[in-house]
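This briefing is meant for a reader who is meeting the structure for the first time. Please keep the sequence and the view at hand while reading.

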Amino acid sequence: MKDQRRLLSVRDLRVHFSERKNGGFGKPFSINVVNGVSFDVFQGETLGLVGESGCGKTTLGRALIRLGHSVVSGKIEFEGHDITGIGNREFRALRKQIQMIFQDPFGSLNPRLTVGQMLQEVLLVHGIARGNAARKRIEELLDLVGLNREYFNRYPHEFSGGQRQRIGIARALAVNPKFIICDEPVSALDVSIQSQIINLLKDLQRDLGLTYLFIAHDLSVVEYISDRVAVMYLGKIVEIADSTELYANPKHPYTKALLSAIPNPEPGAKRERILLKGDLPGPLNIPAGCGFHPRCPVAMDECRQREPQLKTFDNNNRHEVSCLLYE
C-alpha cells in the first residue's frame with residue numbers, strides 16, 4: 001500500500017429509498033439499496049468497487065457525497081472526522097476535498113455553458129479564483145487533462161466522448177480535491193479511449209497525490225487501476241483484498257464467477273466459466289440468510305438460514321470475505 005494513513009472510513013452504512021405504492025398515492029415503504037457496508041480507503045490508493053448492475057455501487061458512491069441519496073444509518077469518517085450528520089453548509093466546504101467523476105460524460109455537463117464558463121462557475125462558487133486568476137487556473141486545468149486551451153469557448157456538443165470526460169475530470173480537479181469518486185468513468189467510451197482516460201487518471205494520481213474510489217463493472221479495467229478491490233452483491237461487500245491477491249486467489253463464490261467471465265488474452269487459452277443461475281434479485285425480494293445462496297453453486301442448508309459477516313480470511317494479505325464456507 002502506498003500510504004497506510006486512512007483517508008475515508010465507512011462503517012455499517014445503510015441507504016434506503018422511500019417509495020409509495022399505487023403510482024405514488026399509496027402507503028410509503030422503504031427499499032434497501034446499501035445494507036451495512038464497511039470499508040476503508042487509504043491515502044494515495046485506488047480502491048476498486050465491482051459488482052453487477054443494480055448491486056448498489058453507484059448509490060454507495062453518491063451517498064458518500066450526498067448526491068440524491070440520504071444515509072439512513074452508519075458512520076462516514078473523512079480524515080478522522082465524522083461527517084455523517086454534519087450540516088449542508090459544512091458539507092459544502094468538504095466538497096473541496098471530495099469530488100466525483102460521472103459515468104455519462106455528456107449528461108453530466110451543462111449544454112448551455114462553455115467549458116470556460118463551467119469551470120469558472122466551480123471556481124467562483126468555492127471562492128477559489130475570479131477574473132484573470134480564474135482564466136489562468138482554467139487554462140492550467142485544460143493542460144493538465146490534455147485539452148487545448150483554445151477549447152475554452154466551446155460547448156459540450158462540440159467534443160467527443162473522451163474529450164467530454166476529460167472536461168469532467170478537469171471540473172473535479174478544479175477545487176484541488178484529495179479524494180475522487182470515479183463512477184464508471186470509462187464505461188460509456190470506446191475501448192481505445194478507455195485506456196487513455198485510465199492512464200490519465202493514473203498519471204494525475206501520481207502527480208497530485210489523489211485517492212480514488214473507482215466504481216466499475218469491467219474487471220479488467222479494475223485490475224489495472226486498483227490497489228485493492230471490493231466486490232459488492234445486493235448492497236453488501238462480500239469480499240475485499242489487494243488487487244493481486246483477489247484476482248489470483250478469490251474466495252467468495254460470487255467473486256469466482258465474476259472473474260471467470262474475464263476473457264483470457266492468451267491465444268487459444270480457455271478459462272473455466274462459472275455460470276450463475278437466475279438473475280440478481282430485486283431490492284424488494286432479498287433472500288433470507290446469505291443473499292447469494294439462490295445462485296450459489298456451493299450453497300449449503302445453513303446459507304439459507306444464517307447471514308455471513310465480512311471477516312478476515314488472511315491477515316498477511318488483508319483478505320476479507322463474507323461466506324459461511326470460511327467461518
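Predicted model: local features only at pLDDT ≥ 70, side-chain atom pairs only at ≥ 80, totals over all residues.

The residues of α5 that are buried are Ala134, Arg137, Ile138, Glu139, Leu141 and Leu142.

**Helix α5**

- The helix α5 covers residues 131–144, and its 14 residues reach 20 Å from the first C-alpha to the last, which is close to the 20 Å expected at 1.5 Å a residue.
- After α5 comes Gly146, a residue whose phi is positive, near 80 degrees.

**The sheet**

- Eight strands make up an open sheet with mixed pairing, and their order is β6-β7-β8-β3-β9-β10-β12-β11.
- At the edges stand β6 (98–101) and β11 (311–314), each of which has a single partner strand, so one side of each is left without a neighbour in the sheet.
- On average, and with direction ignored, neighbouring strands of this sheet are turned by 25 degrees against each other.
- Strands β3 (residues 46–50) and β8 (residues 211–215) run parallel and are joined by four bridges, and Thr46 has Tyr212 in β8 as its bridge partner.

**Helices across the sheet**

- Helix α7 (residues 191–208) lies across β3, β6 and β8, and its direction is at about 155 degrees to β8.

Terms used. Residues numbered from 1 in each chain as written. Heavy atoms only, no water. Helix = DSSP H or I, 4+ residues; strand = E, 2+ residues; numbered from the N terminus. Expected span 1.5 Å × (residues − 1). Buried < 20%, exposed > 50% of the residue type's maximum accessible area, 1.4 Å probe, protein only. Pairing = 2+ DSSP bridges. Axes fitted to C-alpha atoms, helices over the stretch in contact; angles between N-to-C directions. Contact = heavy atoms within 4.5 Å.
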